[in-house]
Amino acid sequence: MLTSPQAATMLALQDKMNAKVNPDWVAVKSPFLRAVVIEAAEAIEHHGWKWWKKQDCDLEQLQMELVDIWHFILSAILIKHEGNQEKALQDVFADLETLSLQFDGQSYVYQELSLLQKLELMIGLAAAKRYDLGLFSALLADCQMQWDDLYAQYVSKNVLNFFRQDNGYKEGTYVKIWSGREDNEHLVEIMSKLDVKSENYQTDLYNELNARYQMLDMA
């Protein structure tokens, strides 16, 4: 189960990341739930949905999409509470264990839905400017993730997001494809080789990303 220190850490990291992009990010109120729509659609692609052809589920990338979705949900929660992290923390735990919801006049019980149906429901909610953390919890379980796994991957993706910003992501000069693979794929590979519990984990991860990225200049 998600712990309060983990949630507080992630909220603080998200605020820091958003502030790096725009110091006035809370006042600007960017449409973070719109981003949830897009990321959830990408998750569907990684899962595979085309009934007319054979497709294999890329579980690692599907999990990474959930981590991306979590970034945007945290941002939406922080905006809802005008950047107040204590109130946002209370909000995180308010509906973390819900098992169903009412949406558009219909009742949805999470255990009765497939993974794809849950993603579709998340898209519908986000398009309606809503989120439900019980639904997110159910998706984590479907994707074979515990909250500890999400925490480790969130911290890792946070490092990648800082790395992107440091290398021109906002200006449009960042190169996302390295040696024929997206940076997300490199991130997953590097994570598997490092100790996430190490005090130097974030620094080591950043440095390894940087070493691979610098290889582009030598190609």
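1. Which residue just after α6 takes a positive phi? Lysine 129 does, at about 65°.

2. This is a predicted model: local features need pLDDT of at least 70, side-chain atom pairs count only at pLDDT 80 or more, and totals for chains, interfaces and linings use all residues. Numbering starts from 1 along each chain as its sequence is written, and side-chain values use heavy atoms, leaving out hydrogens and water.

3. The chain holds 10 helices and 4 strands. These are DSSP runs numbered from the N terminus: helices are H or I with at least four residues, strands are E with at least two. The order along the sequence is α-α-α-α-α-β-β-α-α-α-β-β-α-α.

4. Helix α6 covers residues 115-127. Its 13 residues reach 18 Å from first C-alpha to last, close to the expected 18 Å. That expectation is 1.5 Å times one less than the number of residues.

5. Buried residues (under 20% relative accessible area, 1.4 Å probe, protein chains only) make up 46% of the 219 in the chain. In α6 they are Leu115, Lys118, Leu119, Leu121, Met122, Ile123, Leu125 and Ala126. They pack against α3 (32-47), α4 (59-80), β1 (100-103), β2 (106-109) and α7 (133-142).

6. Contacts (heavy atoms within 4.5 Å) are worth a look. Of those with a separation of 6 or more, 67% join residues 24 or more positions apart.

7. The radius of gyration, taken over C-alpha atoms, is 18 Å. This agrees with a compact globule of 219 residues, which would have a value near 17 Å. The globule rule is 2.2 Å times the number of residues to the power 0.38. The C-alpha trace spans about 55 × 45 × 35 Å along its principal axes.

Methods. Buried means under 20% relative accessible area, exposed over 50%, partly exposed in between (1.4 Å probe, protein chains only).
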